[in-house]
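Subject: Structure handover

Hello,

Here is the structure for you to look at. My notes on what was found follow below.

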Amino acid sequence: MMASESLSRPAVLEILQELIRTPSVNPSLSPDEAHGEEAIAKVAQKWLAANGVKSWLEEVVAGRPNTVAEVGRGEGPTLVLCAHLDTVGTKGMTIPPFEPTLEGNRVYGRGSYDMKGSAAAVMVAAAVLEREDFPGRVLVALVADEEYASIGAQDFVKRHKADACVLTEPSAGQLILCHKGFVWAEIITKGHAAHGSRWDLGVSAIAKMGKIIAALEQFDQQELRNRTHPLVGPASQHCSVIRGGSGLSTYAEECTLQIERRTLPGETPERVMEELEEVIRSTGERAELRRLLDRPPLTCDANAKIAISLNKAAKSVTGETPKIAGVSYWMDAALFAAAGIPTVNYGPSGAGAHEAVEWVELDSVATSAQVLVETACTFHRE
């Protein structure tokens, strides 16, 4: 393919369909499907190599690699273009998940929107830059495990240094500068197991947890909803999973509640845990509190070089200045930012992430690829 042909609708469709056709369900989410990323990582690496792009696999854990590529002569700053290769499971889908179909401008299939359309855009952009003998340096990061613990992105930022990153989660052509973080926590209450008839001996851990749940809900509605950020809205938390009790005729000895707290830029996991402790104490009940996992929010200055470069590139390609926005969900972008790499997000349009019917707009994938090429050139020049 010539560079101009690389950005054509048929060329973009071809690699997008090949990616969708290769199952890559995250094994940590759906162990019954458990495809993993190895097969799709090899497909991506083979395609990049066939298009003249230096590329290789970096194993994160056994059988779960990232596909990494490098283009350009290496002059000036390094820009990363990132997409994830894993998907959620296919249970409940009402279309064939791995048989990509084109209807009008929509390409259907699991991962088409989240986010194999973006991966195709990144790959095509890399091929174009390579054929145009790009003087700068671009690294491609097609990473594993974004849908669960982001071990792929974590591994990439440990191995590679860069000056900026464009993550390519679908954004309908908006320039995303901010997203929320999250904290997963677990609360455990203890009771005293006894026969259901022995009200004088039994203490229900579930009843104790009930008071804590009510206090958590009140804190969410009355306190967190009043903490807002102009791009991502209010902070929030919700009770996600609860387990307790061993039988109808037994007082529950233990109850475990798992909660998720969505954090705003500036909020820390440490402060989140302190607030949860305060809420528990306010009920008069005693409970054990554990932090399970946390991920930081993303924020990028609108005047950062990468934000300015992408803004100019998008306007050059589409004729319109992209809307600056934030999103409430979490992305790998925050891990790049936490590693000291200024990061923005820009990607295609579509719908159906994690849903029964999923699709991406083909034209928006091709446009995204064009914007990525122009962003790399603008970032190198300025």
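R225 forms a salt bridge with D220, with 2.5 Å between the closest N and O atoms. A salt bridge here is a side-chain nitrogen of Lys or Arg within 4 Å of a carboxyl oxygen of Asp or Glu. D220 is buried, because its relative accessibility is 2%. R225 is partly exposed at 32%. Buried means under 20% relative accessible area, exposed over 50%, and partly exposed in between, using a 1.4 Å probe and protein chains only.

Some ground rules first. This is a predicted model: local features need pLDDT of at least 70, side-chain atom pairs count only at pLDDT 80 or more, and totals for chains, interfaces and linings use all residues. Residues are numbered from 1 along each chain as its sequence is written, and side-chain values use heavy atoms, leaving out hydrogens and water.

Salt bridges

A search of the whole structure finds 31 salt bridges. D200 pairs with R198, the closest N and O atoms being 2.6 Å apart. D200 is partly exposed at 42% relative accessibility. R198 is partly exposed at 35%.

E270 and R291 also meet in a salt bridge, at 3.8 Å from N to O. E270 sits in helix 7 (residues 269-282) and R291 in strand 14 (residues 288-295), so the pair ties together parts that are 21 residues apart in sequence. Helices (H or I, at least four residues) and strands (E, at least two) are DSSP runs, numbered from the N terminus. E270 is partly exposed, with a relative accessible area of 45%. R291 is partly exposed at 39%.

There is also a network of salt bridges. It links E223, R227, R261, E267, R271, E274, E275 and E278.

E146

What is the nearest side chain of opposite charge to E146? It is R262, 9.0 Å away. E146 is buried and has no salt bridge. For charge, Lys and Arg count as positive and Asp and Glu as negative; His and the chain ends are not counted.

E146 lies in the loop between strand 6 (137-143) and helix 5 (151-159). Its side chain makes a polar contact with the side chain of H84, at 3.2 Å. A polar contact is a pair of N or O atoms within 3.5 Å; within protein, one must be able to donate a hydrogen and the other to accept it, and residues adjacent in sequence count only if both atoms are side-chain atoms. E146 touches H84, D86, E169, W330, M331 and D332, not counting residues up to four places away in sequence. Contact means heavy atoms within 4.5 Å.

Pocket and cavity

The largest pocket has a volume of about 460 Å³. Of its 20 lining residues, E146, E147, Y329, W330 and H354 are the closest to its centre. Helix 4 (112-131), strand 9 (181-190) and strand 13 (254-263) each supply at least two lining residues.

On a 1 Å grid over the protein atoms alone, a cavity is a set of points where a 1.4 Å probe fits but cannot get out, and a pocket is an open set with protein on both sides within 12 Å along at least five of seven lines; lining residues have an atom within 4 Å of a point. Grid points are joined across faces, edges and corners, and a volume is the space filled by probe spheres set on the points.

The whole structure has one cavity of 30 Å³ or more. The largest cavity has a volume of about 30 Å³. Helix 10 (362-381) and strand 6 each supply at least two residues of its lining. Helix 10 gives the largest share, three residues.

Best wishes
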